[in-house]
Amino acid sequence: MSGRRPAQLSRRVNLLHLILVPVTVAWMLPIVIVIGLSLKPTNDPGTIAFGMLPRSPSFANYVTVFQQNPIPRYLFNSALIAVPSVVLVVLLGSMAAFALARLRVPAKGWIFGLLTLALVLPMSSIVVATFQVLQALGLYNSTFGVSIVYTALGLPFAIILIRTSFMAVPQETHDAAVVDGANKWQTFWHVYLPLARPAIAVVVVWQLMLAWNDFLLPLVSLVDKDIKPLTLIPLVYRGEHFTQVGALFAILIVVSVPIVATFAIAQRSLVNGLAGAVK
Amino acid sequence: MRHPLARRDRLTSLAFVVPALILFFVFVAYPIVYNFQASTLDWDGATAGTFVGLGNFVALAHDPVFTKTLLNSALWIPLTIVPQALIGLGLALMLNQPLRGRGVYRALLFLPTVLSPVVVGIVWAQILDPNSGTLAAIAEQTGLTFLKFSYLGDPKTAIFAVMVVNIWMYTGFSLLFYLAGLQLIEPSLLEAAKLDGANFWQRTTRVTFPLLRNTHLTLLLLGIIGSLKTFELLYVLTSGGPYHASEMLPTYAFKQAFQLHSIGYASAISVALLVIAIGSSLLMTRVFGAGFITGEER
């Protein structure tokens, strides 16, 4: 009816680049600044582009940072906190989501309501109580303790997201599995879980953001220096070596690389996962 | 149905939720109860506290800093949620077109959201630094001297500066939710509107915008909760200062607990925060239905 040819349409669509390019470039400036400052050597403080980029970029700061700090150790500690919490939140979250979506559970509405309550809890309000619980459980000063707290805090989002995508599974698919003699666990594991893959991708990225980026809980509950995660290092650095700006920014890059890399791998599934889950 | 098999069936069903419930009771319910209990005490966290009943709440009601935190939250909620939603939606509408390289735009614009608030805070502290910052450098080299300003050090601007950082960080988050929401809209509805002669603007405001209802509501709820919980960016950028100018409930609670060792008073602040957060969530589900969370049609 409109009679517009596809070629014309796509030419008009391509005009959007005129808006999107400047907006994206402006949005990326802070990230350019971190990279620029991390490459600025201490012995040549000359800069171009309003101090954003170094005149003679070098990796000297990275060398310093790796020499002064056991970075691989901190990186390992961060992974030791983040990975178990991601695995647990996906497993326990999807189990609960399955029961709340498809099984006969007493007081279902209440359980769902209660489980989502953690969404409103700020870390700063629960840190004192959590500290005591961890002590009572013998998990104080342990990365697993931190990991399990993140699991509890990440569960509501995982349950909401995965439950919605479970509810989109046709009842006939469920019934077919039951007719084939599958028990609840088998139905959950072999039928539901694979179908929720896009939602699970979102949960993985979300939980990783929570567990990788938080610093308050490790700050108050991890005492031993050799179990501290990477996120704590920039704050320590800012306090102790405030003159080493280049090194500080090199640390910021090192802290961010793992989470950005995970996001880059998962990002294709994110939109689909959210679309399936946030209806 | 009152059959032993039916009971067994319910027990095995319950087993699927039990691990999540255990974690909930230990790490969510207990800390909430703990906060309520501690809020009735005058307590430094080390010695035995003295019971003061509602004394801490009476003190809160007369505490000008507490009033300030409430005012700041009242500003923060609309002034971050609305720009994030508008910019995010605008970008999502563009990126929903068959555009070359839209995956790249999407990834780059979402990037700030995945970064640690510590990283974001330190970078923006550098940008806004009145002496060696990027804006100061631009001011000096271009003569736009008004740009050289202590945004984070001035009580009048501090909270707004942190809001700008928040908007920078979380607009990509709104963008992603809107892109997901746009995927769920039946193309036939927009086709029909087009056939009826509606132009792009009309289609967007009359068809697309109302159909994104659940996305708007989800972002509103997450935005309100996120605003009330704001801690990390403030901690790194202003620590709630100068003179409590950018203080919010979590930073104030943190200060009371860890710097002034008034655990009782800090708990009272946390209780206030919880009541406001749970209250506004319940209010939203009452007004708009819980469908946008549960995924059920109303």
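This is a predicted model: local features need pLDDT of at least 70, side-chain atom pairs count only at pLDDT 80 or more; totals for chains, interfaces and linings use all residues.
Residues are numbered from 1 along each chain as its sequence is written, while chains are lettered from A and ligands numbered from 1 in the order in which they are written.

Chain B holds 14 helices and two strands, where helices (H or I, at least four residues) and strands (E, at least two) are DSSP runs numbered from the N terminus. Its C-alpha trace spans about 85 × 75 × 30 Å along the principal axes. Of the 298 residues of chain B, 45% count as buried, a residue being buried if 20 or more other C-beta atoms lie within 10 Å of its own, exposed if 12 or fewer, and partly exposed in between, with C-beta atoms placed from the backbone. Among the contacts in chain B with a separation of 6 or more, 65% come from residues 24 or more positions apart; two residues are in contact if their C-beta atoms, placed from the backbone, lie within 7 Å.

Chain A is assigned domain 1 (6–58) and domain 2 (64–277), with bounds that come from an automatic or database domain assignment. The C-alpha centres of these two domains of chain A lie 32 Å apart, and seven residues of domain 1 are in contact with six residues of domain 2. On the domain 1 side, the touching residues divide into four nonpolar, two polar and one charged, where Ala, Val, Leu, Ile, Met, Phe, Trp, Tyr, Cys and Pro count as nonpolar, Asp, Glu, Lys and Arg as charged, and the others, Gly among them, as polar.

Within chain A, A:V146 has its place in helix α7 (residues 143–167), and A:V146 is buried because 28 other C-beta atoms lie within 10 Å. Leaving aside neighbours within four places in sequence, A:V146 is in contact with A:I81, A:L217, A:P218, A:S221 and A:L222.

Finally, the contact between the chains takes 76 residues from chain A and 71 residues from chain B. On the chain B side, helix α1 (residues 4–38) gives the most, with 19 residues, and the residues of that side divide into 52 nonpolar, 15 polar and four charged.
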